[in-house]
Every structure is written in C-alpha cells, then in structure tokens.
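Student: I've never looked at this one before. Could you walk me through it?

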Amino acid sequence: MAPKLTLHDDRLFPADPASRDVARRIHAVTRGLPIISPHGHVPPRWLARNEHFGNPTRMLLTPDHYINRVLHANGVDLSDLGVGRGDEMTEADNRRAFRLLCEHWSDLNGTAMRYWLTDQLVGIFGVDVRPSAETSDAIYDVIAARLDEPDFRPRQLMDAFRIRFIATTDDPCDDLGPHAELAADGGFSEAHRVVPTFRPDRYLEPARPDWNELVDALGAAAGADVGTLDGYTRAMAARRQYFKDHGAVSSDHSHADLVTLVLPHDEAARLYDRARRGRASADEALALRRHLFTDQARLACEDGLVMTVHPAVARNHDADAFEHYGADVGADIPVGLEATRALQPLLNAYGNDPDFNFVIFTLDEDVYSREIAPLAAWYRSVYIGVPWWFIDAPESIMRFKREVTEMAGFSRVCGMIDDTRAFCSIPARHDMSRRLDAAHLADLVVTHRLDEDEAVEQAGALVVGNPMRIFKLDR
Amino acid sequence: MAPKLTLHDDRLFPADPASRDVARRIHAVTRGLPIISPHGHVPPRWLARNEHFGNPTRMLLTPDHYINRVLHANGVDLSDLGVGRGDEMTEADNRRAFRLLCEHWSDLNGTAMRYWLTDQLVGIFGVDVRPSAETSDAIYDVIAARLDEPDFRPRQLMDAFRIRFIATTDDPCDDLGPHAELAADGGFSEAHRVVPTFRPDRYLEPARPDWNELVDALGAAAGADVGTLDGYTRAMAARRQYFKDHGAVSSDHSHADLVTLVLPHDEAARLYDRARRGRASADEALALRRHLFTDQARLACEDGLVMTVHPAVARNHDADAFEHYGADVGADIPVGLEATRALQPLLNAYGNDPDFNFVIFTLDEDVYSREIAPLAAWYRSVYIGVPWWFIDAPESIMRFKREVTEMAGFSRVCGMIDDTRAFCSIPARHDMSRRLDAAHLADLVVTHRLDEDEAVEQAGALVVGNPMRIFKLDR
Amino acid sequence: MAPKLTLHDDRLFPADPASRDVARRIHAVTRGLPIISPHGHVPPRWLARNEHFGNPTRMLLTPDHYINRVLHANGVDLSDLGVGRGDEMTEADNRRAFRLLCEHWSDLNGTAMRYWLTDQLVGIFGVDVRPSAETSDAIYDVIAARLDEPDFRPRQLMDAFRIRFIATTDDPCDDLGPHAELAADGGFSEAHRVVPTFRPDRYLEPARPDWNELVDALGAAAGADVGTLDGYTRAMAARRQYFKDHGAVSSDHSHADLVTLVLPHDEAARLYDRARRGRASADEALALRRHLFTDQARLACEDGLVMTVHPAVARNHDADAFEHYGADVGADIPVGLEATRALQPLLNAYGNDPDFNFVIFTLDEDVYSREIAPLAAWYRSVYIGVPWWFIDAPESIMRFKREVTEMAGFSRVCGMIDDTRAFCSIPARHDMSRRLDAAHLADLVVTHRLDEDEAVEQAGALVVGNPMRIFKLDR
C-alpha cells in the first residue's frame, strides 16, 4: 500500500508545545482572512475567459519554473515537462511528464516546492497517496477529474480561495483588454479586483538591441512623439496613467543593479538622442537607464503608483537553455546587491515624499539587516519587500522576519507577495506566510517581547492592513 | 481599562522548558553583577553636574536616535519630538512629543526599542499600563514625578544601576574638565570610574573641508607645531597621553572603510604637506587618512590605549535631514565591510603586539563568520566587537553568538558594549545581553556541548572578566 | 576531585523533547553506517607504513591547525606546540605542549575544536576527567598507553572507524607510491579504498615565482614536452590519468577567486609562451590561470574526475608566521566570494555535461542561498559543498542545511566532507554531521514538512548514497 500524503494542521508551527499553542491561536484568527495579492504573474486572460485549466501537467507542472528548475538539475529535460511545446503535448505526453514529477518526488524532500505541491494536492484535489512512479497515474486521474468540475474555473477558484485583490504584470503597451472585460463584469468585479501592473523594464534599457523599436511602440501606444526625451517621458507618463485608469496600483522594476542617478535634463536629453541614433556607448546607455529608472520614482510621486523593485539577478544564466526554451525557465541566478549607495540619489530626491511608496525586494539576504531594513526604518517611502523567489521558503522567511522586525518593526514590511504564475499555489503560499507569521509572533509572545493580544492584532495587520495601506488599496 | 505593561522575569529565555531552567540558573548568577561600559556616549557633564534630567521627553525621547528614526519613518517630524529645539520645548510640546511616541507604540512591536523602553518604563518608573494616546499623559506624569525624586540624579542612578565603569566619547581637543571634576570627587570616584575615550576621526580625514583648522586646533591643544607630519604625530601622541592621564583606556575610530596602509615616512610627510596646503587630490587624501588611521595602531602599541573601530556606515544619508537637524538623528545607513585584505597591513605590523588590543565592530553581519571571527581566532590583538546599533537587538545578538563562538571561543569576544547616549537604557541593555548570554549558554548545555558549571563561569567572564581583561581595566 | 569529562548520547540533538525523540530514531539508523571520506588530508604514508602515532601531542595537537590557531590567539607560541620542530620535541616538550592545551581548555568552550576533542578523548581514549593543568599529565599518560596498543595503528583504526573510502590530497608529480602499496595489499584494500586526489593549484598559477620549474617537473613526470600550451595540456591530462589509474575520483582546486575564462586557443597559447618566458604581465598571468583552471573542467568531462573547488581564502595572512612556520599553520583568512558571474563561462561550456560533477565549497556563507544553491538547483553538474573549515561547526552546519535544502533539495548536497589531517577526528566529525542531519530532519518531521520514514531514508542517503553517486564511487 502506498504511503499516505497528508496535510497536518500544525504544519510550520514551532516544535515547542507552549509556542505551538500560541501559534495555533494566532493562525486561527488569520487563516480565514481574504487574500490580497499585490504582485504576481497570473495571466489576466485566464480570469477574463474563465478558461478550463486543461490538464494536471499544464496546470501544475509545465508553467512552474520552480519545479522545472529542480527537475532539470536532477536530469530531466524541460521539453519532457512540456516547456516550449504548448498544445503539441498529447495526453500520453502529459501523463509522462507528470510521472517524471512523481518519480522525482524525493528530490523535492525538504523544499518549498514540495510544501506547496502537497498543500495543493491534498487541500485542493483531495489526493491522499504519496507521489511515486506507481501512484502517478491515479493522482493524475484524480486531478483531471477535479479540473472538469464546474467550480474549478479561475473565477470560481478565485472566490473559493477568497482572493479579493490580485495584480497581474503587464507590458506598458498592453491594451489591458482582459482587465477591462473583468472590470465591466459587475457581478465579478464587485467582490474581486484584478488589476494590471506597469512593468517597463525593457523600455528603460537603451543597451538592448530592440530598444529603439520598443520606444517606437511605446510612442505609438501613447500617441506621443518619442523623438526627444521629453516626448518619451510624456509617453511613459501617459501609459502609466492608462494603467492607473485600468486599476493599476503599482509599477514593477527589475534591472541588474539598483544604482540610481538624476542627470541634468540637458545631459539626459543628449544621451537619449545618442541612444535613439544607436550611438550611445555602453557607459552612456547604462547612465541613461539609471536615470530613466530613477525618473520612474519622480513619475510615481506625481501619479501615486507604488514602485516595487526586484533587482540583481543574472537572467538566463544558461545560454543553451535560453536558446532552446527562452526566458523564465529557471536558469536565473541571483547576484550580490548594494542598496545604500545605489539608492541615495533617488531617496534624496523622493525618499520622504508623502505620495511615494517604494518596496524593495532582494535575493541577497545580506542586505536585509545591513541596508534594506535600515533604509525602511528611516525613509518614509521605503518598505521592506518580503522574501522573493529562491528565498520565499519557510526557513528563509523566518530568517527574514527575525532580521528585519527588531530593526524596523512590522509596519515597514509590505505583507505577503506571492509573485507567482501558479494560480493554484496562491492559497498555499499565503497560508504558509500566515503560519510563519504565527510562528514568529508566538516566539515573541513566549519570550515575553509582545503580549498575545498584540500579536493577534499584528498578525491581522500583516495580512490585510499592511498591503491595503502600502499599496494604497483603500484609496 | 488599559492593557497592562509588564516585565516578565523569563523574557528572552528559550521557549523549551529544560533550556529555560538552565538559562534562569545562569542569569541568576550574572543579573546582580556590576555594569562595565567600556564605550558609549553619555555626556560627562551630566555626571559632573549631577543634573536633573528635565522631563520625560527630554530624557527618554528627544536624544534617542533609535526611536526618532522609527517614528520618522512612520510619518512623525523630528522637530515634533524636540530634535534640534533644545530649551524651546514647552511643557505642552513635551507632552505632545511623548504622546506621539505612545500613539506609535504598536509601530515598535517586535523591536529592540520597545524592549528597552518597556524595561525602563516598568523597571525604573513603575509604569504599569501599555502606552497609547489615552494613557500617554498618565505615563508622562508618573515619569515626571520620578525624575523629581532626589535619588533620580545621574550619580545616584549610576549607583543604583551598579555602573562601576563607564567611558564617554570625546574630542581630542577636549580639556576633559568634567572628567577631572569627577575624578577629584573621591567619594564618588572610588566606586565609579568615568573615563574619556579618544575619538580622533575628524583629525584623520584630510578630505574634510575643515581639516586644516582641526589640525591647527589639535596643535594648539597639544602645544605642538603641526607644520610637519612629525609635529602632527607628536601632537596626536600628546593628546592621547593627556586622555590617558585622565583615565582613558581606549581610542575609538569610525571611517567609511577599514583599509589600512603603512606609507614610507617621506611619502606620508609629502602627502601631509600637500594636504595642509590644500593641494592633496582625493586619492592622496584617502591614502593619507588610511596611513594616519593605521598610525593610531602604532601609537596604541606605545601608549597602550585599546583601539576600537566602528567602520562602514554611510553617515547622513538623507541630505535634507542633515541640513535641517545635523548629524546623528537616525539617517545613517550601513554599507558592506571588507576586513581581511583591508587590515592586513595593520595586522602584519602590529597584530600580535602584546600591548595592542584591537576590537572590531561591524554593521555587516556577513563578516562575523567570514572575516572577523577568523581574524580574532589567529591574531592576538584582535577581539570581536559585539553587535552594534542596527544589530544590537536580541535576534541579531543570538545570530552573532552562534556565528562567532564555535569558531573563536568566548575568550575573543569583547563583552557587552552599550554604545548609548540613553543613560537610563544602560541597565536594560546590559540585562538583555546577560539574558541572551544565558539563553546561548543554556543551549550549549542542553545540547551537551558545555557542562552547566562551565556555562555559569563563562557567563560571569563575559560580563566582568572579558571587558576587564580586554580593556585593561585591571592594570 | 576533577570535574568529569563526558560524552552525552543526545549531544547536538534538538532541545525540544518531541524533536529529540525523532532525532534519536534517525541517528540510530545512520550512526553505524560506514564512513566515506571523499576529500581530506591524511598522509597516505601513515596508512601505507601503518606507523605508530608517536605520542599524544604529535597525534592530537601539533598537526591540527584548528587548535593551534586558537591557542596562538590566546598567547601560546606555535613552537611550544611543536609546530615546525618535528622530531626535536622531547618527551618533556610534548608533555609541556599538551599541558598548554589543557590549561587553555576553557578558551575552547563552545568551539567545534572542543567538541571534536571531547569526542576523541572520551570516545577513543576513555579519558574521563576535564582537561586542566592538574589533569594534563594523567590524560597524557592514558592516551600514550592507548597509542601503544596493537589495535591503535592507522589501518586497524581505519577498520574500527568503519572508514570504507578515504581520499588523500596529492601533488600532480607525486608517484603515488603509498597508494600503490595499499592497493597491492589485497587483505586491506578489499575492505578499504585509499585513493589520491589530484591537486594542481600551483601548476595553474603562472604568477608564482616557481611556476616555470613546476611546469618543467610536470612535463618530466608526464614524459611530455611542455614547451607549448598543447604540450602542457597533454602533460596535465596524462597526470590526471595517472591519478585516475591509481584510484583517484576527483581533482581539488583552490585559488583566490572563482573566475573562469575560456580563451581562444591561440590567445591562450600566446599567454602560455609569454608566461614561460617570464614575460607575462600580472593581468596576463591572471587570465592564463583562469583559463587553465577552466580547462580542468574540460579535462574532467573527458576523464570523468569530479572537480571540487575550495575558493577565496587569503592564505598566509600573517607574514611573520609564514616566515617562521610556513604555510597551513592557521593564519589563512576567508574573503568574499562571487560565483554567479565568475562561473558563467565554465558552466555555459560544461555545466550540464553528464560526465561532469562540480562541487563548490565556500567560506563565505552569504553565497549559499544567493548563488551556490541556485546554481546547483539548475545545472546538472553543480553540487553544493558542505560547510568547510571555519564554518564546519554545528551552528554553521545547521545554518547551511536550513539555507540550501529548501531551495535545492537534499539531492544536490555532496554529503559530509571532513577535509581533515587529524585522522582520529574523522569519526567525531562524521558523527557530528549525522547528528546534525538527524536534528535537521527531525525539525522537518515535527513541523510536518516530511514524514518520518522519508526522513530516515533521506538520512541514509546523505551518508552513503549522495557521496557514492556524486563522487562516482559505484562506477
């Protein structure tokens, strides 16, 4: 008989019995609260069309670069998981892909991926046997049957998951059609907000070979002449406003570093001209990118969009994989981050502006206690982004909480951000976060650093109050 | 009825009952030991004049940049807390400032600032209600009444707090009048040593616009001709001796990096001449600063003053705040530290000198296990400075203990340094340190890495033996 | 009466009783498994000649730079410990050295060195009193008597310690005589494999003053003309093959950084020529070293030797100590490591090659979660080296496990590497690792992230399965 797969109600709570009791009581208060997801990568089309998820592999496996990554390291080819193959995957292919996951189940021992998968398999699909080569087909069948149920469509799940707010990530030239459709559906949009996020990275990188075409497209989308820097800036402001008009609350940014720079207008305009004429040197293109990035903060002070940054990762580290499968397949590797010096120009210009909220994420844990928490404990605009990507797992999250809280307090932390494209993992991720909040707060209670009533209130604030306030959702 | 504010006797002890029992027994031995405070920023004038502390805001809030910082981040203006306003604060202003603190009490949840404040409010002032807008005035009254009691003057408190040794931080040109007064008061000085610390940073920075005037002042204070490097060095040695004659046991240093350099004498003298004539390039000024800093270690080998370094922080990161309020208001942000390569010249020259003790602090936690503990586990002069400033809080301190101890042992750790100007927080900080020592040692005992009798002895050494030995207080 | 020295059977297990029970059950399964030691520094001569260990000081103290280091920091001269004095140490000298260790016993409180020593003193020698000046001679006598017993020779101990596989570290020009002798002894070699490791660092460093002679020697050993780069490469390949023929399974590498570089053949050949003629600039020598290092990965794809890297340490930081005592006496200090950008050229060329296994160690803990685990969670060749040297101690190891596991899983971790020359400490180190595995896995079990049967299986894999697979011991 196959071993059971179970979901213990005390998972992630402290081992110490007294601490566990406190954690249970705190989690009992937050577990039923709605989900607010201010940044992620769920395709808005899914929700607009309310599409069937297809099949277990297509829903759980193929699009999840966290899992693909580890399976790749353990010898599985991405194409065998369906990556880059779209609709050509047959039923047999999908079952084979799913079996690869099940066969490698023990390679996921101790990982966050296994934790989230278990939560979904047991909690959403009612699977009760441990994945393995033997149980793979049966599990596949259970999930496939569930996917066919009428309440297993994106909008019904959004309701069942209690997702009250979710932000997608979108290109500045996107017409945001799906968002408009969803907003127009009063029955749905009254209880659920699905909003876009302005993600202009590519348009700020003059060193990209396709930058000129991108800027042309931006001008066309905005109906603006981008022949000069001023025209470019007007186009950017117009598209930000377009996003804001479609519900956006934030812009998101990811460059190789966090260096900011405020160039004199004429110098920036000169570099822009050179870049548009393909004559900018590498140094000039870099300086212009840093200036344009910093200028997004100025625009944010004007239009009020929250600015989030996800910096310092070497994208597409594996050239072969990039050539075969494209971006976002799991081969991005973090690099060190410097924030203190890098952000001084931006923060000296806008750091205490009452209309500016600036959320800093990192993949370099060192900067939590050395730079990010100290910055957030002084500048009014700066908020501490929660652990992201490689470090969005239980131990990392607990390290984060212990590092930043005693320095900056809870009020400077942005609240849970799932940043995921794996729709069904959203409840698992948010519940994980609430369990870890409970564990952390329980420790403060049993070591007499916080009273239990304060801990309970604080737990609720981390789930609802902080994201509402920091992402301006109550305005 | 307002919630209670309490101070639990088991605070900061491990949650596990067996570990907690051991921690209690260890702390029972150290809790009554005297306080030795080898580095801090209490104004010596307070003690010399034995002044009334004024009022609750002036004592607890206005001068504490830890609290100001977090309140600023949460939207409070520093001027509303009295920063930069001195005696112009009226009773109403002070009450309003104090209410701001109480209203923001939950913004301090989980922070070290809240821990220290609670310890003071309950332990020293007998406050028993949780701070809030409603309770603010009542708490203010309780504290104000206590401040008027005759035993609530600095010298009486120093006695009550069992502070047997405290070092202030002073400018090399200071005449150390208050220290002389205190030393002359035999009744007081027999039981309490209040000594100055030589802090020459500004005089070692040829890149400062006011460096020439500073050096002139140094020459005047020393009665030495500072026209040449040799004269400057004589002046520096003379002022160090003057401090030593007034009881100083150490010099303290804080520059933007830790790079050391021993220039050939003639090259250093040439750079000094250029700097004095205002002709040193930025690189030359930097090289000269590094040489002069390194030369303090040579002087330390001669006069025996312990050398402590607090490096790598971007001072006055917020230009606006610096302009409005000046330095030390909470807007300093740490930067990364490199010590291994940086210190090699200094340590190769003086690192094993029997008269040289060199205590290295950091705000970059990475270097504890990577560089500082390894250096202290080889060089006889090097001691590991305890966590400082942003990281002088319970979780950070426990990380520190776990990182450095198993590599370098307890004997290479300098013992608790409070580094504070908040006089009444000194007992809270030292008791926090002793509780965390107890927690750490209890863990070693219950995991059978140390016997309990050894742990008890070790705890006492950390409180008294190590600072006495490392700061040469027994000589 | 002197305090007892004991070895508690629950040492290093979690304090929480439920977690401790799980840890005990896991450890009960792994504690009797054989030791596999794929990298270390035991002199093969010891085993080949099956020599008497001499005396307690010579066996436990003089060659152990971990202990020497801490004693040096605490004021002991290395020569008083026998360092650099070889056979000139008299019985009285040895007893005096051993007394220095015992007198400084409390300076080892809380360190890994104390943990390992206690394990050896009690577990191997039956010592039952705590070391001190008073007990030193008696302890010395107990150990000395044990050393004279017939079962206390290297081969008998290897058997008693259940060491089934051990790799030494050897110069590429070494004739591997002792290894051949051991292999020829069928009675011994059937149950115990003692294999060499190819350590070519010096031959890859054109900046060394002795590089030309070293390359000449390499050519002579290989019987190849090293007048050109191609000849040099042939010589290198031949010596690797020679090592492989003598049982080697890996090459080991340690340079000041991890930067890799694949130069065009003609450019590399040109730099080689210049270096051989003594005309390479510092930059050229550095580029050539990086190219030659990267080329070892290419050779590894061909001959299948596993490649391990131990980068980023400032060797012989203390110039005086180096002059008096030479290398490896304890004065090496870690520096920061960058791996993501540095390894991209190597990994883009060979990172997913099925014949290439690449184990990355670090002394900079920051890169575990930021770079090494992410790399190992994508590239098939990359494995995470366990904590090494300054960080091979319980707290560091637990941090490591918590940082890398949830990101990359257990399958990407290389298993315990003791890297020691202290032969008798090998069982203590491996048992420590197994206890910490048990502690870590117990935590996953009690927080319901892993079932206990999975944890037990995983524990066994970490001890036997992972090293067998990753170091290709089953081929």
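Here is a short chat about one chain and then about the contacts between chains.

Student: How many helices and strands does chain A have?
Tutor: Keep in mind that this is a predicted model. Going through the secondary structure of chain A, you get 20 helices and 9 strands.

Student: Why is chain A as compact as a globular protein of its length?
Tutor: Start with the globule rule, which gives 23 Å for 475 residues. Chain A comes close to that, so it is as compact as a globular protein of that length, with a radius of gyration of 23 Å.

Student: What share of the residues in chain A is buried?
Tutor: A residue counts as buried if 20 or more other C-beta atoms lie within 10 Å of its own. Out of the 475 residues in chain A, the buried share is 57%.

Student: Which helix supplies the largest share of the side of chain A that touches chain C?
Tutor: The contact takes 42 residues from chain A and 40 residues from chain C. Helices H4 (65–73), H6 (112–123) and H18 (394–408) of chain A each supply at least two residues to that side, and so does strand E7 (333–334). The largest share, 4 residues, comes from H4(A).

Student: And how do the residues of the side of chain C that touches chain B divide by class?
Tutor: Here 42 residues of chain C are in contact with 40 residues of chain B. H4(C) gives the most to this side of chain C, with 4 residues. By class, the side of chain C that touches chain B divides into 20 nonpolar, 12 polar and 10 charged residues.

Terms used
Residues numbered from 1 in each chain as written. Chains lettered and ligands numbered in written order. Predicted model: local features only at pLDDT ≥ 70, side-chain atom pairs only at ≥ 80, totals over all residues. Contact = placed C-beta atoms within 7 Å. Nonpolar A, V, L, I, M, F, W, Y, C, P; charged D, E, K, R; others polar. Rg over C-alpha atoms; globule rule 2.2 N^0.38 Å. Buried ≥ 20, exposed ≤ 12 C-beta atoms within 10 Å, placed from the backbone.
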